[in-house]
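User: I would like to go through the helix packing and the nonpolar core of this model. Could you take me through it?

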Amino acid sequence: MRRVRYESTGGPLFLEEAPVPAPGPGELLVRTEAIGVTLPVVRKVTEAAEPIPLGGEVAGEVAAVGQDVARFRVGERVTGLCFGHGYADFAVLHEAMASPVPDTVSAVDAVALVRSGLVALGALDAARTEPGEAALITAAASGVGHLAVQVARVRGAGRVVGAVSDPAKADFVGGLGADEVITYDRLDRQDWGEPVDYALDAVGGELLTPAVAALVPGGRLVAYSSGGGTIQAYDLLVGAKSVIGFQMARIARGKPELYERWRQELWRLFAEGALRPAVHGEFALTEAAEAHRVIESRSNLGKVVLRP
């Protein structure tokens, strides 16, 4: 099979021939049809001390199952998170990380919707939202962010503010249901308008402090970014604000019943037309470096996808 790999921090990425992996106990071997490109994987290529397998979100058909797999059979269509080599013709998924894909849904839509949509749903649940509350969503044009804007609206947010890196993204985010779209420089200047009840942050770093400042007293920020960052305890204390960390893998492994409930809600919203996953572009495996460049430049509107 073909797979994309790199040998030193920062790349370059290259295509190589490799043996088709065998699924272990509780694992599925998936013939990939679509592969999602995410910022955490791009950052690992540029920042990790040692080369890592390029994993991430994949969708395709189950080609083989390992011992003790109970939920899936060969020939079924699935999507899920791969922790090994995902930029490849075949990828291995743990059964707990896999979701069935309806026959009427394309692999590209599944990759754009499921993992990112689950993060959006989970982050909103972690924020303990109430109908009528105001929301701030950073990286609002990203794979997760553009779905979070829509889900916040569906769940009754009274006002949705989308924060983006480039004003050129404003029409896209506004079309998803955001009432206001601001750029990060405005957020940094505390020029975001009225304070919000909760914020979903996918950026981290220097944006954390102004995002906390944008909260009303008692407001909540959910951080699900791989970008790190530091928040002063006094900034939380003075406004009785809270910061909640959210990681999807922990839910999938530790609370499978909650993970399944979110999955069902996600497919329901998609079937009803309440969620519209957007795909910025599709790239061949040989174009993986270009797909990474798009993510690094923050120019994407929605999901970036590789097609084997």
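**Helix packing and core**

Analyst: H2 passes H9 in a right-handed crossing (right-handed if the near helix is turned clockwise from the far one by less than a right angle, left-handed if anticlockwise). Helices (H or I, at least four residues) and strands (E, at least two) are DSSP runs, numbered from the N terminus. This is a predicted model, in which local features need pLDDT of at least 70 and side-chain atom pairs count only at pLDDT 80 or more, while totals for chains, interfaces and linings use all residues. Residues are numbered from 1 along each chain as its sequence is written, and side-chain values use heavy atoms, with hydrogens and water left out.

User: At what angle do H2 and H9 pack?

Analyst: H2 (residues 107–126) and H9 (residues 256–271) pack at about 120°, and their axes are 9 Å apart. Axes are lines fitted to C-alpha atoms, for helices over the stretch in contact, and angles run from 0 to 180 degrees between N-to-C directions. The two helices are therefore oblique to each other (under 35 degrees is roughly parallel, over 145 roughly antiparallel, 65 to 115 roughly perpendicular, the rest oblique).

User: Which residues of H2 and H9 meet?

Analyst: Among them are Leu113, Leu118 and Asp125 in H2, and Tyr259, Arg263 and Leu266 in H9; contact means heavy atoms within 4.5 Å. The residues of this contact divide into 9 nonpolar, 2 polar and 6 charged. Ala, Val, Leu, Ile, Met, Phe, Trp, Tyr, Cys and Pro count as nonpolar, Asp, Glu, Lys and Arg as charged, and the others, Gly among them, as polar.

User: Is Leu266 buried or exposed?

Analyst: Leu266 is buried, with a relative accessible area of 0% (buried is under 20%, exposed over 50%, partly exposed in between, with a 1.4 Å probe and protein chains only). Leaving aside neighbours within four places in sequence, Leu266 is in contact with Leu113, Val114, Gly117, Leu118, Leu121 and Leu275.

User: And how does H2 pack with H3?

Analyst: H2 and H3 pack at about 50°, with axes 9 Å apart, and are therefore oblique to each other. Ala112, Ala120 and Leu124 are among the H2 residues that meet H3. By class, this contact has 9 nonpolar, 2 polar and no charged residues.

User: Which residues touch the most other members of the largest nonpolar core?

Analyst: Leu200 and Phe246 do, within a core of 58 residues. A nonpolar core is a set of buried Ala, Val, Leu, Ile, Met, Phe, Trp, Tyr and Cys residues joined through side-chain atoms within 4.5 Å. H2 gives the largest share of this core, 13 residues.
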